[in-house]
Amino acid sequence: MQRFNFQIFQRFWTIAKTYWFSNEKWKARGLLLLIVILLLAYTGLSVVLNNQRGELISALSAKNESRFWQTVIIFIGVLVIYAPLLAGYTYLRDRLGLAWRRWLTTDFVQRYFADRAFYQINQFRTDIDNPDQRIAEDVKNFTQESLTLALVLSDSVLEIIAFSGVLLGISRELVLFLLGYAIIGTLATVGVFGQPLVRLNFEQLKREANFRFSLVRVRENAEAIAFYQGEAQESTQVNNRFMAAFDNYKRLLGWELGLNGLTNAYEFIPFILPALVVAPGIFSGDVEVGKVSEAQGAFIRVFFSLNLIVARFQSLSAFGAGIDRLYDFATSLGHVESSEGLADDVTTQRQEKKSGHPVIGFEASSKLTLDNVTLQTPNYQRTLIEALSLELDAQSSLLVVGPSGCGKSSLMRAIAGLWNSGTGTIQRPDLEHLLFLPQKPYMILGSLRQQLLYPYPDIEINDTQLKAALKQVNLPDLDERFGGFDAEEEWSDVLSLGEQQRLSFARVLLHEPTYTVLDEATSALDRDNEKQLYDHLAATKTAYLSVGHRKSLEDYHSSILRLAEDHTWKLQPLAKESGS
Ligand SMILES: Nc1ncnc2c1ncn2[C@@H]1O[C@H](COP(=O)(O)OP(=O)(O)OP(=O)(O)O)[C@@H](O)[C@H]1O
């Protein structure tokens, strides 16, 4: 990580080629070709402009009026084409950058949500910090900077070719001197500043993202923090994270100061050298005065083109750091094959093949069955449940109880396929036939209708059915309270925890999945509400499995699984009272 060497080009290309060889490749390449043509025209015109500038001065010093006006007319003519050409070039470059960003962002988002990679990364991959920033910021910088740099580089090569010709016509020594000077300058800059600047820029991106994230956390947990009066601690946290970014930036500025000192001294030379070389010719009357201006113009162009790496070193090193972040992220998502032979992919299916640890097997079946399942924590450090076997028939119900921390929620995670450390086999229908209500109710951003239909927004359910479901969960006028099913609110803020649990419950009643898994899904409700919900649930076709501590829950289930701290378990039938 954080190197500035050949590897960075390899990493750059690994990410870049996904777009340039994608289904959009012809559009992208066509646009690039157009941009390069504009660039060629622009460079050609620059040569003419530079030449005419010299002509103008020579005409003036020779007091040749007709030559002067002729030059002015050519000058204006060239400018008329030059200005829109340059604007068009910038516009197309940015459009291409935007198209590339759209493609790459869509691709990253799709992979982030495929195979539940977002869960794996956020839970288990501490080295991939702030994936949100990588998708939002790093992709943007990558696409914009790649194009800008590639075109600046092409522009430089063209300018070197075009203006070296001009310069060679004036003085060969100037060209040779320039070449040597630029090579030494570039090597010195990369050698001294490369490593530290990439490292500091990498660190800066991470610290800025950490700082922003600490503020987002406050926004999301505003009420809890306000109740705890945790302002002092929170503001210290936020400040600390800001100071971490600040300190790093200060170090970065220190290195930049050194870099700028070097480049400024280094870039001073083109302003004086051409005059020194051309002056004897002017004194002897062999060369016109305008040649000094022309030589200087050409010299500066060639010099800054050769000097590209030195002059843009700060942005290049920031770009290099961004490439590293994106590359690590892309390999962890299986977006690109790691060119360094690292087995990095987070998705479970691919993980199994790589790690030597045993994993719980999954088989498709119409019935939920656990066969000899031993469940461990993801890092295999602790065994939670040992050799569990059970079957849950259609329309039956199971309550899972046990002391806090014994692994009840983890068992649900295993059924969902989120955790797979352990042995044994789980047979179950496809995940679309199971609905999980997690311990913390989850409210999506959007309308009340979207809230109720989550996570299958496309199913055919009319407002009357929605209304009926609200009634069943004892929220009969929720839609009226907020102005209909299309009202959008910050639902997790405006609804009480119990209301959120009831709303989540309505999802089950609307979707009627084959199996429902409820993890303390009614913990915030009073007994009457709880009974009402379970009665409605029992009346549906769905088989359900609940986790909960309350004794009253036993009334609504046909069997009970008791988990114990010593990893043992006991399965017993219950005399179900309600809903039957
Ligand atoms: N990502 C993780 N890595 C390692 N251990 C974990 C992880 N998440 C949870 N655990 C541990 O696994 C154990 C079981 O957790 P689980 O959430 O299943 O408990 P639970 O029985 O549902 O408890 P509660 O009744 O308090 O909700 C706990 O000791 C917990 O600390």
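Predicted model: local features only at pLDDT ≥ 70, side-chain atom pairs only at ≥ 80, totals over all residues.
## Lys367 and its contacts

Let's start with Lys367: beyond its neighbours within four places in sequence, this residue is in contact with Glu391, Asp393 and Gln427.

Lys367 is found in the loop that runs between strand E1 (361–364) and strand E2 (368–376). Lys367 counts as partly exposed because 15 C-beta neighbours fall inside 10 Å.

## Around the ligand

The ligand has 13 residues around it, and those that come nearest are Thr377, Ser404, Lys408, Ser409 and Ser410. By type, the shell divides into nine polar residues, three nonpolar and one charged. Helix H14 (residues 408–416) supplies the largest share of this shell, with three residues.

The largest nonpolar core holds 56 residues, and Leu167, Val302 and Leu326 have the most contacts inside it. Helix H6 (residues 172–220) gives the most to this core, namely 11 residues. Apart from this core lies another, of 53 residues, including Val373, Leu398, Trp419 and Leu545.

## The buried side of H4

Which residues are buried in helix H4 (residues 117–124)? They are Ala117, Gln120 and Ile121. These three sit on the same side of H4, because they cover an arc of only 95 degrees around the axis.

Terms used. Residues numbered from 1 in each chain as written. Near = placed C-beta within 6 Å. Helix = DSSP H or I, 4+ residues; strand = E, 2+ residues; numbered from the N terminus. Nonpolar A, V, L, I, M, F, W, Y, C, P; charged D, E, K, R; others polar. Core = buried A, V, L, I, M, F, W, Y, C linked by C-beta atoms within 7 Å. Buried ≥ 20, exposed ≤ 12 C-beta atoms within 10 Å, placed from the backbone. Arc of directions from axis to C-beta. Contact = placed C-beta atoms within 7 Å.
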